[in-house]
Amino acid sequence: MISWFVPQASTFAADVDSLIFLILVIVGAWFLLAEAVLFWLILRFRKREGVRSKYVTGDVKSEKRWVSYPHYAVLVFDVVIVVAALRVWNDVKVTDPVPEETVRVVSQQWAWTFVHAGPDGRLDTADDIKTVDDLYVQQNRTYRFELHSKDVLHSFSVPAFRLKQDAVPGRMIAGWFKPTLAGDFDIQCAEICGIGHGLMPARIHVQTATAHQEWLREHGVMPALAANTGAAGQGGAR
Amino acid sequence: MSHEHAAAHEPSGLLKYVWSTDHKMIAFQYLFTGMAMALIGGFTVYVFRMQLAFPGEAVPLFGRVSASSYNALVTSHGSIMIFWVAMPVLIAAFGNYLIPLMVGCDDMAFPKVNRLSFQIFFLSAVLLTASFFVPGGAFGGAWTAYPPLSTSGVYNQTPIGATMWLVAVALEFVAFLLGGINFITTTMNSRAPGMRMFDIPIVVWMIVIASVLFMASVGPLVAGAVMLLFDQVIGTGFYDPARGGDPVLWQHLFWFFGHPEVYVVLLPAMGIVAEVMAVHARKRLFAYRTIVYTAVATSIISFFVWAHHQFVAGIDPRMASLFSVTTLIISIPVAEMVFVYIATLYGGAISLTTPMLWALAFLVEFLWGGVTGIFLGAAGSDIYFHDTYFVTAHFHYTFFPIAFIAGFAGITHWFPKMFGRMMDERLGKIHFWGTIISFNLIFLPLFITGAAGDHRRIFDYSGFPDLNLPYLQNLRIMATYALLAMIAFQVVFFYNFARSLRGGAVAGANPWKATTLEWLAASPPPHGNFPVMPTVYRGPYEYGVPDRADDFWPQYEPAGPAGQEPRLGAAGHGPAPSGAMAAPER
């Protein structure tokens, strides 16, 4: 359903979409039924000459069941939705799989800095690759992300992954994703962060293993050079 | 306590418009201030939707929209429509106007507190409006005012506007706390003799429950607002992580109030709709007590759902599971309430008058808002929808029916009582259909753009390749055109309103043949309301009672040919007839 508009580019994207579809079917059916009954009653009980309204209190059990039976049904469907919603929520947010690599995502007014582990696969080493507004990841690799903010609240949102997480200054918030579809997708800041809020788009580049290795070779500079570019600021890989 | 006595204190001439203690005059003050603020709120949305449809082009009557003015416009739109339109019109205007008339007393329990309430409210509205004109402009950190953006002028670049916004909101809370005291006290202590708890019209119940809910929820936010003010003005660090504070603390305090606030405005709207439906369908409300109980249940549960606004805000994800469950639980009493309203139509004799069209439209449209909320309450799908236009569309399908559809239902229904004249039905229906159709054409496209990933509060999507697509832009343009149409149709309403004030057909005391006490008073009711204080003999919705000549049996009418004895004195759990006359001596 959502995949009509946005591709499914992570492992859990399809789960989120299925959940949305399930809810759509359930509440859609209820919605249509309720609207149908409502319109039918309006048409059926229009005022006619000489016909008085019925005196129905709704306090008798035989009348009340017209409301209480649907009411129990709502309860049952609520349980179904809660169970489905929490299963997806658990997968995406609660139980993180063992990561193969970690990226650091730093948000600030109004830019994203991404710290890639570099050829050695570890953060905070000399060969880390820092980029601004472009995140490079490898297809079918499980990533842990560490989300930071330097100033105000931001939100790291990747619609194609069905992933969203606010960044809070003073905290590191971790999460995970596993890209499945090669391509370039939008990264949004989804929490208002000041006058440049609309001006902090970024892109995530999901690369095949070979393309990603090539990118690493190109940008994974020698340790000595890495120290220099690191000191010169962020954005060496643009 | 006679009305002559009260009238002696009424200021004369123009002064009565600013210094009156008459609940009806204060209601009009709230109503007209709310309508004026709705014009400002409407103008802000006109400007920013024009920017979204035609980014970078000069907007007629405004000019080019900068990123900072875009944020200020969005923030002001949300704040104004909730705090300065929905609350004053639904709770303060209808609460003030209807409660004394419907419970059968001559004025509020504390008329001077009532006047003070409006004066503080008016001050808050002036302060908020003035913030547009200070250096840096109005606050642009969204109506939720999340710190650290809201605390620091370095971050939000509107240091003066941010503080004015905060003080204005705090003053507005004070005004509604004062008003709520009156609504609750008057309903509990000043009811006409014979009016037991379950003889109180639903709209009065709803406003009272909403006032209790407001009082119980607003405290934490006031504390939060004081801390925010200190952070802004004297440099404390309550929300500053560098100094041991926590930005997420504000979110908890804000939404602890913010979610009950939805029901604070929803319940009075549901109350208005109930009154209008009963009268124009000639039906006793289906399961009256169930409506009261579900309203109370909804209010209580609404204290346990707040963190569903914060699923992805950095709270412990296990906590989100809990709030997902409570959020879906609250759908149960609300669904029950909607079912009961629909069931009320069964067996009715429905006249599709303008107020009835609005009341029915409330149900039709609110259902959209209700069912789309499930997508957001379910934590798993909220990950995707959070902070997208899907959310915007969802809550406009709740707030627009609440603030405007129910508001128009109430205004068109009680206009004859308020001003003694009927509104024009033909103009009323043109306004109705124009507004309803354009409303749907604004927000149905926004569900789609939200599903496609449009995130909120973005003044220009051209930097986002996945969103800068022709079909999405066409939907944005369509929503904007529909908004222009909706604004244009409001001219019909204002014209109808103004013309009917003098030129409408004379209404008489009870033009709709309704049963509640306000229709016993003259139209418009004089200061003091009733020539002879009424006594109540039965419940508020006795329509279609068999074996009677009329299809309605007013609350104030002594037992007729059917031979039912007046219940005077029989009310074991209600106020004793003499004690219920305890309208305040002044």
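**Ground rules.** I'm working with a predicted model, in which local features need pLDDT of at least 70 and side-chain atom pairs count only at pLDDT 80 or more, while totals for chains, interfaces and linings use all residues. Residues are numbered from 1 along each chain as its sequence is written, chains are lettered from A and ligands numbered from 1 in the order in which they are written, and side-chain values use heavy atoms, with hydrogens and water left out.

**The interface.** How many residues of chain A are in contact with chain B? I got 81 residues of chain A, facing 96 residues of chain B; contact here means heavy atoms within 4.5 Å. The buried area between the two chains comes to about 7600 Å², and carbon and sulfur atoms give 69% of that. (Buried area is the accessible area, with a 1.4 Å probe, that two parts lose on being put together, summed over both.)

I then looked for polar links across the interface of chain A and chain B, and the rule finds 29 residue pairs in polar contact, both residues at pLDDT 80 or more. A polar contact is a pair of N or O atoms within 3.5 Å; within protein, one must be able to donate a hydrogen and the other to accept it, and residues adjacent in sequence count only if both atoms are side-chain atoms. On the side of chain A that touches chain B, the elements giving two or more residues are α1 (13–44), α2 (61–94), β7 (163–167) and β9 (183–189). Of these, α2(A) gives the most, with 17 residues. I'm using DSSP runs for these elements, numbered from the N terminus: helices are H or I with at least four residues, strands are E with at least two.

**Salt bridges.** My cut-off is a side-chain nitrogen of Lys or Arg within 4 Å of a carboxyl oxygen of Asp or Glu. Side chains of opposite charge can pair when their charged atoms come close. A search of the whole structure finds 21 salt bridges over all chains, and the rule finds three across the interface of chain A and chain B.

I found its side chain in a salt bridge with Asp186(A) at 2.8 Å, N to O. That pair links distant parts of the chain, with Asp186(A) in strand β9 and Arg203(A) in strand β10 (residues 202–207) of chain A, 17 residues apart. Asp186(A) and Arg203(A) are both buried; buried means under 20% relative accessible area, exposed over 50%, and partly exposed in between (1.4 Å probe, protein chains only).

Arg203(A) also meets Asp466(B) in a salt bridge, 3.3 Å from N to O. Asp466(B) lies in the loop between α15 and α16 of chain B and Arg203(A) in strand β10 of chain A, so this pair joins two chains. Asp466(B) is partly exposed, at 30% relative accessible area.

**His455(B).** Is His455(B) buried or exposed? It counts as buried, because its relative accessibility is 0%. His455(B) sits in the loop between α15 (425–451) and α16 (470–503) of chain B. Leaving out residues up to four places away in sequence, I found that His455(B) touches residues of both chains, among them Gln188(A), Cys189(A), Asp387(B) and Phe464(B).

I checked for cis peptide bonds and noted the one from Gln109(A) to Trp110(A), with omega near -10 degrees. Trp110(A) is in the loop between β1 (101–108) and β2 (111–116) of chain A. Another cis bond runs from Ser523(B) to Pro524(B), also with omega near -10 degrees, and Pro524(B) is in the segment after α16 of chain B.
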